[in-house]
Amino acid sequence: MLDALLQAARPLLAAAFTLWGSPVTWLEIVAFVLAVAMVLANLRVKVIGWPLAIASSLLYALLFADS
């Protein structure tokens with residue numbers, strides 16, 4: 001099942017650019033943006049912070065599973 005999920009996410013796992021010699025994937029960029037949005041929502045005590053945290057964490061888990 002994990003292999004199928006990684007295969008489906010393959011376009012997001014492509015390198016968007018290279019930073020200090022390391023490739024940065026589209027999935028990593030999306031996860032980072034969601035994490036920043038979660039922090040901002042939590043600072044304002046907005047309930048949307050929870051789903052953003054879950055989505056960001058799942059995307060990072062997928063990124064680490066690919067590594």
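This report describes the fold, confidence, surface and selected residues of a predicted single-chain model.

Residues are numbered from 1 along each chain as its sequence is written. In this predicted model, local features need pLDDT of at least 70, side-chain atom pairs count only at pLDDT 80 or more, and totals for chains, interfaces and linings use all residues, while side-chain values use heavy atoms, with hydrogens and water left out.

**Overall fold and confidence**

The chain holds 3 helices and 2 strands, in the order α-β-β-α-α along the sequence. Helices (H or I, at least four residues) and strands (E, at least two) are DSSP runs, numbered from the N terminus. Along the principal axes, the C-alpha atoms fill a box of roughly 35 × 35 × 15 Å.

The mean pLDDT (the predictor's confidence in each residue, from 0 to 100) is 88 for the chain, and 100% of its residues reach 70 or more.

Of the 67 residues in the chain, 22% are buried. Buried means under 20% relative accessible area, exposed over 50%, and partly exposed in between (1.4 Å probe, protein chains only). Contact means heavy atoms within 4.5 Å; among contacts between residues at least 6 apart in sequence, 40% join residues at least 24 apart.

**Helix 3**

S56 sits in helix 3 (residues 49-66). Why does S56 count as buried? Its relative accessibility is 4%. Apart from neighbours within four places in sequence, S56 is in contact with A31, L34 and A35.

The chain has 1 aromatic pair. The ring centres of Y60 and F64 are 6.0 Å apart and their planes lie at 25 degrees, so the pair is stacked. For this count, rings of Phe, Tyr and Trp (its six-membered ring) pair if their centres lie within 6.5 Å; planes under 30 degrees apart are stacked, over 60 edge-to-face, and the rest tilted. Y60 and F64 are separated by about one helical turn because they are 4 residues apart in helix 3. Y60 is partly exposed at 23% relative accessible area, whereas F64 is exposed at 59%.

A61 also belongs to helix 3.

**Surface**

The chain exposes about 4900 Å², of which carbon and sulfur atoms supply 74%. Accessible areas come from the Shrake-Rupley method with a 1.4 Å probe; for residues, only the protein chains shown count as cover.

A nonpolar surface patch is formed by F32, V33, V36, V39, L40 and L43, with about 550 Å² of accessible area together. Patches are made of residues with over 30% relative accessible area and no salt bridge; like charges are joined within 9 Å, and nonpolar side chains (Val, Leu, Ile, Met, Phe, Trp, Tyr) within 5 Å. A salt bridge is a side-chain nitrogen of Lys or Arg within 4 Å of a carboxyl oxygen of Asp or Glu. V36, one of the patch residues, lies in helix 2.

**Loops with positive phi**

Most residues other than glycine have a negative phi. W20 is not a glycine, yet has a positive phi of about 55 degrees. W20 is in the loop between strand 1 (15-19) and strand 2 (22-25). V45 likewise has a positive phi, near 55 degrees, and is found in the loop between helix 2 and helix 3.

**Accessibility of selected residues**

| Residue | Relative accessibility | Class |
|---|---|---|
| A61 | 42% | partly exposed |
| V36 | 35% | partly exposed |
| W20 | 81% | exposed |
| V45 | 72% | exposed |
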